[in-house]
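Please read this briefing alongside the sequence and the 3D view.

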Amino acid sequence: MNRFRGLIAIQQRIAAGSGALQDVLQAIVDETSVMPQANGVVIELRDADQLYYAAASGSSAPMVGLRLPLNASLSGMSILTGQPLQCDDSETDSRVNRAACRRVGLRSMIVVPIPHQGQTVGVLKYHAPQIAAFTDEDMLVAHLLVGPIAVGFSSIAEADAQKASAELRKIVQLKEQFVSSVNHELRTPLTSISGALTLLTSGAVELPETAAPLIEIAARNAKRLKRLVDDLLDLDRIDGGKLKYVIEETDLCALLLDVVEQTSPFAAEAGVRLTLDAPRRPVLAMTDGDRLFQVVANLISNAAKFSPAGSTVQVILLPASAGARIRVVDEGPGIPAEFRPRLFDRFSQSPHTEGLSNMPGTGLGLAISRSIVEQLGGKLDLDETYFTGAAFEISLPLRAPALRQDAA
């Protein structure tokens, strides 16, 4: 009975509103009583070969505005086929991205297409944390709700639709121009500048005593800018599904030894010692070694930057029958409880680290690292039991991951 009251409440809210499409979408996702077992509601709309989260509530609410390739999810499949689809268990359904499902606590879902003028313009999705949480009756209720959405589309004047489409194309074009400018106008000259400064700091060129500190400052800031540019380009590739992965048999022990050797000079500059605790036998995994190297190197550099001089950063490999855990543990100030929920957000930097390092970061490394690890079929998390120092843990399968875009 409550769910039918919810349907009436949605109708009343839509009738009392302005008739704008976004108001209609929000009224539907806000009314949770129509599907009480769901922990999230999403309305995804099609835009050419992409779909985007136009409205959402519950555990999917933070994903509003996310854009994904159309062919990378169950929602996209529903849009392309025009058919309602159901997933009873995300852990066994090959059509979904398990890592993305786990992120929002999704175990089962129903997806209903939204028709408009003979086309499928989007989907309404309900998801739940339990296996097989939705029945035929739930699917029928979801079908009832796509009607108001279709009417909302019809209420949009053609001129407004064309204007919105033109503005969207302009935004996409500006983004592409920005990425191109970052790549060609910044990255190329920065590489040359960094190379020249490295040559000067290496002692190959004799410098006046007063110039040496200035060259060091310039070299340090050039490296920082280059990291920022590289992070921005990686972020754009991740968002566009263009970050390339090469999955092959990789010895995790050898990879970690290589990471530690190559990051030791950076750690030594910060006055920190690196140690590696790994089995003497090879630990083989089907993964992308270069991308995993990138992630572990980022964790080590973070740990070294914020650890006190004379302390140790430990890199630990713990293999198991089906997977492996890679831990990076430091003796720094730890991560405050109030900041931990934002730790993996983009451009997120905790105020408590200010002044702890003369090698500031971009606030993108952890966000990029988590995305890469999830694409490799694993998880990257903070060990919540550490308050003195910090411990990050990568959980990685030994078998090859099913690479997909970040869609449920």
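In which loop is Leu-207 found? Leu-207 sits in the loop between α6 (158-201) and α7 (211-239). Helices (H or I, at least four residues) and strands (E, at least two) are DSSP runs, numbered from the N terminus. The model is predicted, so local features need pLDDT of at least 70 and side-chain atom pairs count only at pLDDT 80 or more, while totals for chains, interfaces and linings use all residues. Residues are numbered from 1 along each chain as its sequence is written, and side-chain values use heavy atoms, with hydrogens and water left out.

**Surface patch**

- Leu-207 counts as partly exposed, at 30% relative accessibility; buried means under 20% relative accessible area, exposed over 50%, and partly exposed in between (1.4 Å probe, protein chains only).
- Together, Leu-199, Val-205 and Leu-207 make a nonpolar surface patch of about 220 Å².
- Patches are made of residues with over 30% relative accessible area and no salt bridge; like charges are joined within 9 Å, and nonpolar side chains (Val, Leu, Ile, Met, Phe, Trp, Tyr) within 5 Å.
- Accessible areas come from the Shrake-Rupley method with a 1.4 Å probe, and for residues only the protein chains shown count as cover.

**Salt bridges**

- There are 12 salt bridges in the structure, where a salt bridge is a side-chain nitrogen of Lys or Arg within 4 Å of a carboxyl oxygen of Asp or Glu.
- One of them joins Asp-89 to Arg-107, with the closest N and O atoms 2.6 Å apart.
- This pair links distant parts of the chain, 18 residues apart: Asp-89 is in the loop between β4 (85-87) and α4 (98-103), and Arg-107 is in the loop between α4 and β5 (108-116).
- Asp-89 is buried at 14% relative accessible area, whereas Arg-107 is partly exposed at 26%.
- Arg-103 and Glu-374 form another salt bridge, and their closest N and O atoms are 2.1 Å apart.
- Because Arg-103 lies in helix α4 and Glu-374 in helix α10 (residues 365-375), this pair ties together parts that are 271 residues apart in sequence.
- Arg-103 is partly exposed, with a relative accessible area of 40%, while Glu-374 is buried at 15%.
- Asp-381 and Lys-379 also meet through their side chains in a salt bridge, at 3.9 Å from N to O.
- Both partners are partly exposed: Asp-381 has a relative accessible area of 29%, and Lys-379 has 41%.
- A network of salt bridges links Arg-325, Arg-327, Asp-383 and Glu-393.

**Helix α10**

- In α10, 10 of the 11 residues are buried, which leaves the helix mostly covered.
- The buried residues include Gly-365, Leu-366, Ile-368 and Glu-374.
- Gly-377 follows α10 and has a positive phi, near 85°.

**Nonpolar cores**

- The largest nonpolar core has 47 residues, and Phe-392 and Ile-394 have the most contacts inside it.
- At least two residues of this core come from each of α7, α8 (252-269), α9 (289-305), β10 (312-319), β11 (323-329), α10, β12 (379-382) and β13 (391-397).
- α9 gives the largest share of this core, 8 residues.
- A nonpolar core is a set of buried Ala, Val, Leu, Ile, Met, Phe, Trp, Tyr and Cys residues joined through side-chain atoms within 4.5 Å.
- Leaving aside residues up to four places away in sequence, Phe-392 touches, among others, Leu-299, Ile-326, Leu-366 and Leu-380; contact means heavy atoms within 4.5 Å.
- Another core lies apart from the largest one and has 29 residues, among them Ala-55, Ile-114, Met-139 and Ala-142.

**Ala-391 in strand β13**

- Ala-391 is found in strand β13 and is buried, with a relative accessible area of 0%.
- Its contacts, not counting residues up to four places away in sequence, include Arg-327, Val-329, Asp-383 and Tyr-386.
- Ala-391 and Glu-331 are 60 residues apart in sequence, and their C-alpha atoms are 9.1 Å apart in space.

**Cysteines**

- A search of the whole structure finds 0 disulfides, a disulfide being a pair of cysteine sulfur atoms within 2.5 Å.
- Cys-87 is in no disulfide, and the nearest cysteine sulfur, that of Cys-101, is 6.4 Å away.
- Cys-87 is buried, with a relative accessible area of 0%, and Cys-253 is buried at 10%.
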